[in-house]
Amino acid sequence: FNSVRLVNDANTMQIVDASLATGDITVEDGNGALDMFTGGTGNDSLVLDRFETIADMGAGDDSVDTNGYDYGDADAGTLDGGDGIDAIAIDDGAELDAETAANISNFEVLDFSDGTGTYDLSIEASLDDIRATGSIVAPVTITEFASSENLTLTDFVDTDAITVTLATDSAADNTTVNLVAEDTSENNTIDGETDAVLVMEEFETLTINSTGVNTAGDVDADDVPFEPSDYANTVDLDASDMTKLNVTGDAQTTVIFTGAEALTQIDASANTAGVTVDASAGGVVAGISFDGTDADDTFTATANGDIIQANGGVDTITLGAGEDVVRYVAQSDSVLTLTDTSDPADGVVDEGTGWDIITGFTTGDDIIELSSLLGLGTGDARSAVLQKGDVDGANGTPGFQFDDLQSAIGDGVDFFSDGLVDRAVAFASNDAATATNDQGIVFVDVTGDGDFTAADDMAIELAGVTSFSVADLQFG
């Protein structure tokens with residue numbers, strides 16, 4: 001067997017000896033019948049129904065769910081996690097006391113799923129990390145947390161806050177929070193995403209590692225094979241001492257700031273699925289340096305003047321009241337793809353995608369920085385922006401009419417030429433009849449050949465902008 005539920009008479013001694021088992025054993029005590037359990041070398045799981053049970057979990061990464069029973073009772077049994085990384089689930093912080101600590105040993109992970117109250121990690125020295133799945137009953141506080149420890153939340157959705165305080169608060173504390181979307185349902189719907197509220201005020205550096213996994217098992221032919229990047233996890237952070245936030249992992253991530261007063265740097269470059277970050281909230285005092293992913297990012301700037309490098313993907317950037325710099329370092333950072341979606345195709349472009357959209361750009365204040373890594377032409381190529389004028393027929397509709405844009409670009413030959421010099425940058429707008437529909441495009445001649453080739457050059461949309469000059473550029 002690999003799974004058993006005990007439902008025998010609680011007055012009859014029940015012993016489960018799985019010491020010779022090499023597989024994963026799951027035992028659930030159904031009515032307080034289990035007196036003793038011995039685990040094997042697999043990753044065993046034990047759910048208790050009394051505090052008198054004695055358990056030796058053996059080797060493997062095991063888990064014991066105390067299921068609300070107080071192992072600090074005078075008549076309690078003992079629980080030994082054994083070798084491996086073992087977890088003990090305690091659903092009330094009040095039950096993690098000195099009396100409980102005397103009866104448990106060799107557990108490395110505290111599981112506070114369905115928990116409440118304050119958990120003092122110093123009570124049991126072996127506890128290294130903390131985790132929760134699903135939700136909590138009420139706000140939870142974790143105290144005496146070591147900076148080297150991790151917090152993992154899996155398929156966790158709750159508006160109650162998890163507060164973490166350090167055992168020793170230094171000037172350079174850092175930790176990792178793992179947000180895991182675990183989809184256990186075999187269907188065509190994304191399930192199991194994590195959405196948590198964290199209060200972690202004492203940490204100077206936080207890393208949010210956001211991942212997605214589908215553990216539904218065999219997928220029927222009609223089911224959608226979701227990838228990790230299809231999942232989106234969310235965290236609301238109150239972290240007043242945090243100066244740097246890292247976002248990593250393979251799932252999409254939304255970060256909300258309730259408090260982030262000291263924040264100056266957000267590095268999401270190690271995330272592969274895309275992030276959504278609103279730095280205009282949380283009381284950020286200084287400007288932010290934002291390093292985005294190569295997927296689709298959404299970033300809202302502070303009012304303090306930010307440096308934004310959104311990198312690849314289709315990025316949506318909203319600038320603030322300060323003097324912002326939007327930096328481009330690779331041709332793939334913003335690429336215009338014009339597509340004929342008609343069926344059958346009629347040769348006329350119907351939509352434009354792939355480029356970054358920047359809202360709130362103020363000419364004379366904000367800057368588009370074109371890095372030296374782009375290898376743009378020098379000298380006269382940089383001395384002026386070629387003005388292409390209205391390319392959209394002044395039709396007054398929202399956004400560009402992409403068929404007009406297609407006509408304006410034509411075959412792209414000599415698109416950057418003013419008749420004497422090939423400029424590195426050109427600008428066009430739709431000059432809409434309604435100001436709220438104005439849009440501008442910054443074209444960048446990455447190849448330096450004077451021609452515009454959508455696949456090889458760059459295009460950046462500036463919402464609401466109809467004028468743009470070399471004063472709005474910075475060449476790295």
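Predicted model: local features only at pLDDT ≥ 70, side-chain atom pairs only at ≥ 80, totals over all residues.
Entry 1: I started with a search of the whole structure, and five salt bridges came back. I kept in mind that side chains of opposite charge can pair when their charged atoms come close.

**Entry 2: arginine 327.** Which residue does arginine 327 form a salt bridge with? I found glutamate 369 there, with the closest N and O atoms 3.2 Å apart. Arginine 327 sits in strand 29 (residues 325-328) and glutamate 369 in strand 33 (residues 367-370), so this pair ties together parts 42 residues apart in sequence. I then looked up accessibility. Arginine 327 is partly exposed at 26%, whereas glutamate 369 is buried, with a relative accessible area of 10%.

**Entry 3: arginine 423.** Next I checked arginine 423, whose side chain meets that of aspartate 418 in a salt bridge at 3.1 Å, N to O. Is arginine 423 buried or exposed? I have arginine 423 down as buried, because its relative accessible area is 13% and the cut-off for buried is under 20%. Aspartate 418 comes out as partly exposed, at 35% relative accessibility.

**Entry 4: a network.** I also looked for salt bridges that share partners, and found that they join Asp35, Arg50 and Glu52 into one network. Within it, I looked up the salt bridge between arginine 50 and glutamate 52, where the closest N and O atoms are 3.5 Å apart. Arginine 50 is buried, at 16% relative accessible area. Glutamate 52 is partly exposed, at 30%.

Note on methods
Residues numbered from 1 in each chain as written. Heavy atoms only, no water. Salt bridge = Lys/Arg side-chain N within 4 Å of Asp/Glu carboxyl O. Buried < 20%, exposed > 50% of the residue type's maximum accessible area, 1.4 Å probe, protein only. Helix = DSSP H or I, 4+ residues; strand = E, 2+ residues; numbered from the N terminus.
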